[in-house]
Amino acid sequence: MKQSEHPVSQTYAKYINPSFIQLLGVLGYGRVFVRASDVWLWDSEGRRYLDCLAGFGSVNLGHNHPALIARLHQLLDEQVLHFCHTGPAAGAAALAEALAKRLAAPLEMSLFASSGAEAVEAGLKLARAATGRSDFVSCDGGFHGTTLGTLSVMGAERLRQPFEPLLAGCHRVPFGDLDALARALKAHKPAAFLVEPLQAEGGVILPPPGYLRAAQELCRARGTLLVLDEIQTGLGRTGTLFAHEAEDFVPDVLCLAKALSGGLAAMSVAVTSRALFDKAYGGAGRFDLHSSTYQGNAFACAAALRTLELIDEEDLVARSARQGARLLDGLRARLRGHPLVKEVRGRGLLVGIEFGPTGSSWLDKLAPSLVDKVSEGMFGQWVAVRLLEAGILAQPASSRWNVLRLEPPLTIADAEIDAVVEAVGAILDDYRSIAPIVADVTRRAGAQWRGGWQY
């Protein structure tokens, strides 16, 4: 059966997003995935794929972890009260305590929600309420969600522009530039500086050593809170439980989501200090200024609490550091000297391969802007298509299509990493210059067009 004929594809296109389904078919990328276990996915045709995307970092435990599923079955059999808004919720209390025990002081107060964007919104609201200020500073290339509030601090213009004007008083500075940050803090006196420890959607960009610690010092000198978005980097993804641990500092607000609930429930949180919480929401007149219907529901909290336990029990943080080093070292060795690979970078199991002109081929020297343009427009996505056809699911960074992102579950094994390295290397062996890429993409697109854009 053609993917375009699958009932799921047809229903999704009819009632949710037809453009998305059509775009999946461009170059033959469309698949209907129907089953998942650990690091593996299966499509409706029975084909198996190694998942190197992990739900954009949501599935750190691997898909459908049996111990997590067992706990959720148990919870449902217990017939607990899932929603309680007129008294304390046991699951939320237990999860908040577990988070506080894993975080450095003074982070201990939790504001629960369902999505990463909501966690960021909670951090921004808290900063305004606690400081009495209104402006925000964020970074070029940053990604924090697609609600109206989070779009206001979004680094990608393509995602912001259709919805402007957004929140007033939102300013952006280059990621990693302390001088620019210092100028913005002085000029705007913002309530918060919102930043990621490393930019995933921005192209797996790591800041200079010491950047976040120095940024925190600059913020404190100006009375600005540092809100750290660890929605994609937290819970072991970068080789420490939280990415900021490697930076030797503690943010004023920490935002978590995605992997927090093991990929089986909607759960997010913004964690802050008691002092800041009291400034924002202390007292009978302010306790309910921030809330959400699904915050702290029993199912999501049980999933998150068991996820934290499994990360500890299976030593997944150390595994992420070890397997990430194997992936990074393997790719660097396999791709060393490739004329179209500018850099292989990352931390833990969040790795990016940047494509573009390196100056080592005749076309680079003759037309570097052409090489750059083709790389930015199609190279990363084309490699992802080729990987899919080789049984590996990956994607470029959403704001930098010339960066192929590899982000597998933390449970990935040595042999599976080695297979990814060899698959990437074998595909790139076919493309030592831009011309074959353009030819292959044109040929595939032409075939799709003549066939009526099958997907």
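User: Helices (H or I, at least four residues) and strands (E, at least two) are DSSP runs, numbered from the N terminus. With that in hand, where is the place of threonine 411?

Analyst: This model is predicted. Look past the end of strand 15, which covers 400-406. Helix 16 covers 414-429. Threonine 411 has its place in the loop between strand 15 and helix 16.

User: Is threonine 411 buried or exposed?

Analyst: Apart from neighbours within four places in sequence, threonine 411 is in contact with residues including Asp38, Val39, Leu316 and Arg319. Its relative accessibility is 14%. Buried means under 20%. Therefore threonine 411 counts as buried.

User: Which are the edge strands of the open sheet of 4 strands?

Analyst: The order in this sheet is 1-2-3-13, and the pairing is mixed. An edge strand here pairs on one side only. The edge strands are strand 1 (33-37) and strand 13 (392-393).

User: In strand 2, which residue is the bridge partner of phenylalanine 33?

Analyst: Strands of a sheet pair through backbone hydrogen bonds, either parallel or antiparallel. Strand 1 and strand 2 (residues 40-43) take the antiparallel sense, over 4 bridges. In strand 2, the partner of phenylalanine 33 is aspartate 43.

User: Which element gives the most to the lining of the second largest pocket?

Analyst: This pocket holds about 980 Å³ of space. Its lining has 38 residues, with Ala89, Ala92, Phe112, Gln295 and Gly296 closest to the centre. Elements that give two or more residues include helix 4, helix 5 and strand 4. The most, 6 residues, comes from helix 12.

Notes
Residues numbered from 1 in each chain as written. Predicted model: local features only at pLDDT ≥ 70, side-chain atom pairs only at ≥ 80, totals over all residues. Heavy atoms only, no water. Pairing = 2+ DSSP bridges. 1 Å grid on protein atoms, 1.4 Å probe; cavity = no way out; pocket = protein on both sides within 12 Å on 5 of 7 lines; lining within 4 Å. Points joined across faces, edges and corners; volume = space filled by probe spheres on them. Buried < 20%, exposed > 50% of the residue type's maximum accessible area, 1.4 Å probe, protein only. Contact = heavy atoms within 4.5 Å.
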